[in-house]
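Trainee: Could we go through this one together, a question at a time?

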Amino acid sequence: MIEKIKEKALEERVPIIKDEGLSFLLNLVKEKGYKNILELGTAVGYSSMHMASLSEDIHIDTIERNEDMYNQAIKNIADNGYEDQITVHYMPIEEYKTDKKYDFIFVDAAKAQYQKYLEQFIDNLCEDGAMLFDNMIFHGLIYEVDDIKSKNLKSLVKKIIKFREFVQNDNRFDIIMNDNIGDGILVLSRRKGCNLRT
Ligand SMILES: C[S@@+](CC[C@H](N)C(=O)[O-])C[C@H]1O[C@@H](n2cnc3c(N)ncnc32)[C@H](O)[C@@H]1O
């Protein structure tokens with residue numbers, strides 16, 4: 001049933017996580033035993049349902065601001081019986097404020113806002129938790145940024161490059177940059193003994 005949702009999403013050009021990235025994500029969640037998950041960017045609920053399918057103990061808060069995506073996600077999640085495990089918040093990510101601690105945060109929304117999202121949610125990440133950012137090579141465009149003609153696209157790709165440099169140089173974080181997996185996956189965790197707000 002989730003596969004049908006994938007087919008429909010691909011047909012309708014809804015951007016969902018690629019197979020390779022999804023396998024990596026699911027293995028990580030399984031291996032580390034993450035249970036409280038925050039997802040930024042629900043789309044039609046494809047990745048959140050895959051995560052929920054790993055264990056009934058997993059709960060996911062996922063955020064979506066697009067009404068059509070939100071309605072599709074709610075329907076898909078109910079049709080597949082995951083409504084007790086997945087809560088879809090219909091709002092802009094920027095407005096989601098909570099004191100909850102998550103052991104895993106999957107960042108899959110506006111790529112230009114990755115640094116903002118990191119700062120917004122780092123205090124919601126458990127000590128031993130991790131954040132995962134998708135599209136870190138952005139279809140390979142980070143390697144050919146000088147050749148990009150579209151101004152908007154160029155600016156977006158530059159922001160991703162800047163974010164990559166930022167996390168590589170910020171000693172609050174331990175990072176693993178997996179450029180060869182899917183569309184490039186960054187896993188970021190807190191460096192032990194590091195005060196996040198200094
Ligand atoms: C790449 S898709 C998410 C795909 C989904 N994680 C999956 O793999 O099945 C990104 C989604 O984030 C949503 N989005 C982008 N910026 C957002 C924002 N600021 N607040 C809420 N949702 C946002 C878009 O509407 C889009 O549906």
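Trainee: How far is an oxygen atom of the ligand from an N or O atom in the side chain of glutamate 64?

Mentor: Good place to start! This is a predicted model, where local features need pLDDT of at least 70, side-chain atom pairs count only at pLDDT 80 or more, and totals for chains, interfaces and linings use all residues. Residues are numbered from 1 along each chain as its sequence is written, and side-chain values use heavy atoms, with hydrogens and water left out. A polar contact is a pair of N or O atoms within 3.5 Å (within protein, one must be able to donate a hydrogen and the other to accept it, and residues adjacent in sequence count only if both atoms are side-chain atoms). For the ligand oxygen and the side chain of glutamate 64, the distance is 2.6 Å.

Trainee: Which residue brings a backbone N or O atom to 3.3 Å from a nitrogen atom of the ligand?

Mentor: Look at the ligand's nitrogen atoms. A polar side-chain atom of tyrosine 117 is 3.5 Å from a nitrogen atom of the ligand. The backbone atom at 3.3 Å belongs to arginine 65.

Trainee: Is asparagine 135 buried or exposed?

Mentor: Asparagine 135 is in the loop between strand S5 (125–133) and helix H6 (151–169); helices (H or I, at least four residues) and strands (E, at least two) are DSSP runs, numbered from the N terminus. Buried means under 20% relative accessible area, exposed over 50%, and partly exposed in between (1.4 Å probe, protein chains only). Because its relative accessibility is 10%, asparagine 135 counts as buried.

Trainee: Which side chain does the side chain of asparagine 135 make a polar contact with?

Mentor: Stay with the asparagine 135 side chain. Its polar contact, at 2.9 Å, is with the side chain of lysine 111.
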